[in-house]
Amino acid sequence: MAKAKLHAPDGAYKKDVDLPASHFDQEVSEPVMFQAAYIYLGNQRQGTHKTKNRAEVSGGGKKPWKQKGTGRARQGSNTAPNWARGGKAHGPLPHKYTKDMPKQMKQKAFVSALSLKARENSVHVFEGIGVTEPKTKQLVGILAKAELSGAKNLIVVESPENQLLLAARNLPDTRVERVQDVHTYELLNSDNVIFTASALKSLVETRG
């Protein structure tokens, strides 16, 4: 049975609790996790890269010099790729990197990532995040008390909490996400995954 540390809202450790086996004690499929992460990163690309070819750069028109008799190599245009400021040969063109994967594979990758984090003892459950003011210092203190400082922390909540969002925005390695928005890559890219108790319940109910 997968377990996680249960913390009080101020970060103090209380006890170990069992995690739902349906999400945290399943077979880990590395190929499916890789595919999910690969597709997610590809979907973040705009695909607007573009270079000018020899028909698009400025110049051209008149032949640089006559074909024969100069002792130099023959040239037809100063827009050719071998000229300085000439067009780019076989350069990138705008295209989409967007891909998708079946829902069952996406869910399998998600559960695999959760199970992997549980096996690494990287899942933590908080009764609530005790941030009462939009102060980064307060959240830093909570993470320090829970011995989660100096790592990439993903905090998963059931619904956005404005005080928590404001407190976390100055911490480059700490992200706050709604339970319905968490994805495989984000789990794999985090050292610790912190669920509030309500978020953990919502995870089982809505993302089963």
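# Why call it that?

Visitor: Why does Arg-175 count as partly exposed?

Guide: Its relative accessibility is 46%. Buried means under 20% relative accessible area, exposed means over 50%, and partly exposed is in between (1.4 Å probe, protein chains only), so Arg-175 lands in the middle class. Before we go on: this is a predicted model, where local features need pLDDT of at least 70 and side-chain atom pairs count only at pLDDT 80 or more, while totals for chains, interfaces and linings use all residues. Residues are numbered from 1 along each chain as its sequence is written, and side-chain values use heavy atoms, with hydrogens and water left out.

Visitor: What makes the meeting of Glu-177 and Arg-175 a salt bridge?

Guide: The label needs a side-chain nitrogen of Lys or Arg within 4 Å of a carboxyl oxygen of Asp or Glu. Here the N to O distance is 2.6 Å, so the pair passes. Glu-177, by the way, is buried because its relative accessibility is 15%.

Visitor: Which other residue forms a salt bridge with Arg-175?

Guide: Glu-186 does, with the closest N and O atoms 2.7 Å apart. The two sit 11 residues apart, Arg-175 in strand 5 (residues 174-178) and Glu-186 in helix 6 (residues 184-188). Helices (H or I, at least four residues) and strands (E, at least two) are DSSP runs, numbered from the N terminus. Glu-186 has a relative accessible area of 5%, so this residue is buried. Shared partners join Arg-175, Glu-177 and Glu-186 into one network.

Visitor: How many salt bridges are there in the whole structure?

Guide: The search finds nine. One of them pairs Lys-106 with Asp-100 at 3.4 Å. Lys-106 is partly exposed because its relative accessibility is 42%, whereas Asp-100 has 61%, so Asp-100 counts as exposed.

Visitor: How do you know that the buried residues of helix 4 line one face?

Guide: Thr-136, Leu-139, Ile-142 and Leu-143 are the buried residues of helix 4 (residues 136-145). Look down the axis: they fall within an arc of 125°, so they line one face of the helix. That arc is taken from the directions from the helix axis to the C-beta atoms. These residues pack against strand 3, strand 4, helix 5 (162-168), strand 5 and strand 6.

Visitor: What makes you say that both faces of strand 3 are covered?

Guide: In a regular strand the side chains alternate between the two faces of the sheet. In strand 3, Val-123 and Val-125 are on one side, His-124 and Phe-126 on the other, and all are buried.

Visitor: Why can you say that strand 3 pairs with strand 1 and strand 6?

Guide: Two strands pair if DSSP finds at least two bridges between them. Strand 1 and strand 3 run parallel with three bridges, and strand 3 and strand 6 run parallel with four, so both couples qualify. His-124 stands opposite Lys-5 and also opposite Ile-194 in strand 6.

Visitor: What makes a nonpolar core, and which residues touch the most other members of the largest one?

Guide: A core is a set of buried Ala, Val, Leu, Ile, Met, Phe, Trp, Tyr and Cys residues joined through side-chain atoms within 4.5 Å. The largest has 23 residues, and Leu-19, Phe-24, Val-156, Leu-187, Phe-195 and Leu-203 touch the most other members. Helix 3 gives the most to this core, with four residues. Apart from it lies another core, of 16 residues, including Leu-148 and Leu-171.

Terms used:
Contact means heavy atoms within 4.5 Å.
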